[in-house]
Amino acid sequence: MNFTIQNTNWKKVRSNSVAFFHLEDKRDIRSTIKSLGRNSVAASAEALLGAGDMAGKKDEILVGYPKRSEAAAKRVFFVGLGKKEKWNLEGARKASARAAKKAEEMKSKSLSIVLPRVPGSSGADVAYAVVEGAMLGLYKFDKFFKKEEPKVPLENIIIIDDGNSLQGSSAEEVKAAMTEAELVTTATIFARDMENEPSNTKYPEILANWAKDVGREHGVKVTIFGPKELKANNMVGILAVNQGSEKEARFIQMEYMGAPKASTQPIVLVGKGITFDTGGISIKPAAGMGDMKGDMGGGAAVIATLKAVASLKLPVNLIGLVSSAENMPSGSAIHPGDVIVYTNGLSVEIDNTDAEGRLVLADALIWAEKYKPKSVIDLATLTGACVVALGAFATGMMGTDESMKERLKRAGNATYERVCELPIYDEYDDLIKSDFADIKNVGGRWGGAITAAMFLKKFTNYPWVHLDIAGTARVDSASDYIPKGATGVGVRLLTRMLKEEAGL
């Protein structure tokens, strides 16, 4: 998709459709109608308003058809924004997604947009949100569908600059915001594609190949450990989880050194990369098991965040580590009751083979220490308990790095990939004590998201934050710019935080 700015008015802009946005407020609607000038579209909009058929509700989109002598565009969309008190940049993302979907539904190849005003935000901020909403809203994972009729995609979005519509931002600032948003959103879509890929065409080697592609495209150093290197480095968690599979495990290392000083302490991102999770011998119920193709959502977020950061050329040092395995039941699979010993000397009883994510993450968390990190953030579709606690609208956050937690909260509020902190009190440690090893990999029925974090904490000797994205990485129903299936959560959140790290 192409994003441009045109210094013109809505009547002259050459596009198939033009979108205007207005609040659920008659004065705001009348202001929009007034901006149209005197023509048939304005007259029809006045009639709709008078009849009560144009109210500005957030799901409302009405279409007007100007005469050829009145405008170059064939259609005018009137996009409702809902209540003024709830209107913000997230609303702009959603409204942009609805407008883009409407344009594509009506086979418009181009859509021009008059930026809506968001209190406290610049035109550049709004343009950023518009690009996010349009690109993410139009996303479809349709590579396996039979193509029966030619699709008419929306190819161009034009921001209209009529001398007042950029709301205090220069055209250069708006264009820079659009370019940045396009790069970050492209990375988010990449994460969605990786997560939605079925597991017969996605396994640890494939995930590693996708990381290599990012490395080649953006100059990121990528090192891959296969079975030989995993054994040589005694990565017992990855090897144990994968031993029931016919596929080989991988450990992915990505290094982006963009800070002015190479000696600047890096931030390390750690991702869970289970390309399919049956639960192993502690097998899951059949219902919904197909969704476990997305159990590498944390790993996808890490790989895609490296793509975004390298695309933006952020002046930060960033490391990405992904532990990738396939958790399958077989005669060679790990058993409940097995004990493994990690390179930090800690022994772990595997009480439940379906709590495999923390086992593979532990290897990566130990490995992260060699980078002398400023902070380590792990992301994982780790626990159903987190979904029970927070649903699909917030990521569970726990950890020891108070400063980073605050920064992630700010980034989450800005991107609407919100995080909610859960406690990690010392008392929870008692729940993962084992009778046969130092600790066990499950803590019983209660506080499951927290006991999983307590397990991971045992492998950290540095500032650390854990993000449990089990509820936010995949959703069962679509909304404005979030499709059913993989959401790509984490990429926009982490990139926003890393921009702050870079002082931008």
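Reader: What volume does the second largest pocket have?
Author: Happy to start there. Keep in mind that this is a predicted model. Rolling a probe the size of a water molecule over the atoms shows where empty space is left. For the second largest pocket, the volume comes to about 630 Å³.

Reader: Which residues are the closest to the centre of the second largest pocket?
Author: The lining of this pocket counts 23 residues. Of these, the closest to the centre are Ser31, Thr32, Val114, Leu115 and Arg117.

Reader: Which element gives the largest share of the lining of the second largest pocket?
Author: Two elements give two or more residues to this lining, namely β2 (17-22) and α1 (26-36). The largest share is four residues, and the element that supplies them is α1.

Reader: Which residues of α14 does α12 meet?
Author: The crossing of these two helices is right-handed. From α12, the contact uses Met404, Arg407, Leu408, Arg410, Ala411, Gly412, Ala414 and Thr415. By class, the contact has seven nonpolar, two polar and six charged residues. On the α14 side, the partners are Arg492, Leu493, Leu494, Arg496, Met497, Glu500 and Glu501.

Reader: Which residues of α14 does α5 meet?
Author: Helix α5 (residues 171-196) packs with α14 at about 140°, the axes being 9 Å apart, and the two are therefore oblique. Their crossing is right-handed. From α5 come Glu180, Val184, Ala187, Thr188 and Ala191, and the α14 residues they meet are Val491, Arg492, Thr495 and Lys499.

Reader: How many nonpolar residues does the contact of α10 with α13 have?
Author: The axes of helix α10 (residues 357-368) and helix α13 (residues 448-457) come within 9 Å and cross at roughly 30°, in a right-handed crossing. Arg358, Leu359, Leu361, Ala362 and Leu365 of α10 make the contact with Ala452, Phe455 and Leu456 of α13. By class, there are no polar residues and one charged residue, and the nonpolar count is seven.

How values were computed. Residues are numbered from 1 along each chain as its sequence is written. This is a predicted model: local features need pLDDT of at least 70, side-chain atom pairs count only at pLDDT 80 or more; totals for chains, interfaces and linings use all residues. Side-chain values use heavy atoms; hydrogens and water are left out. On a 1 Å grid over the protein atoms alone, a cavity is a set of points where a 1.4 Å probe fits but cannot get out, and a pocket is an open set with protein on both sides within 12 Å along at least five of seven lines; lining residues have an atom within 4 Å of a point. Grid points are joined across faces, edges and corners, and a volume is the space filled by probe spheres set on the points. A crossing is left-handed if the near helix is turned anticlockwise from the far one by less than a right angle, and right-handed if clockwise. Contact means heavy atoms within 4.5 Å. Ala, Val, Leu, Ile, Met, Phe, Trp, Tyr, Cys and Pro count as nonpolar, Asp, Glu, Lys and Arg as charged, and the others, Gly among them, as polar. Axes are lines fitted to C-alpha atoms, for helices over the stretch in contact, and angles run from 0 to 180 degrees between N-to-C directions. Angles under 35 degrees count as roughly parallel, over 145 as roughly antiparallel, 65 to 115 as roughly perpendicular and the rest as oblique.
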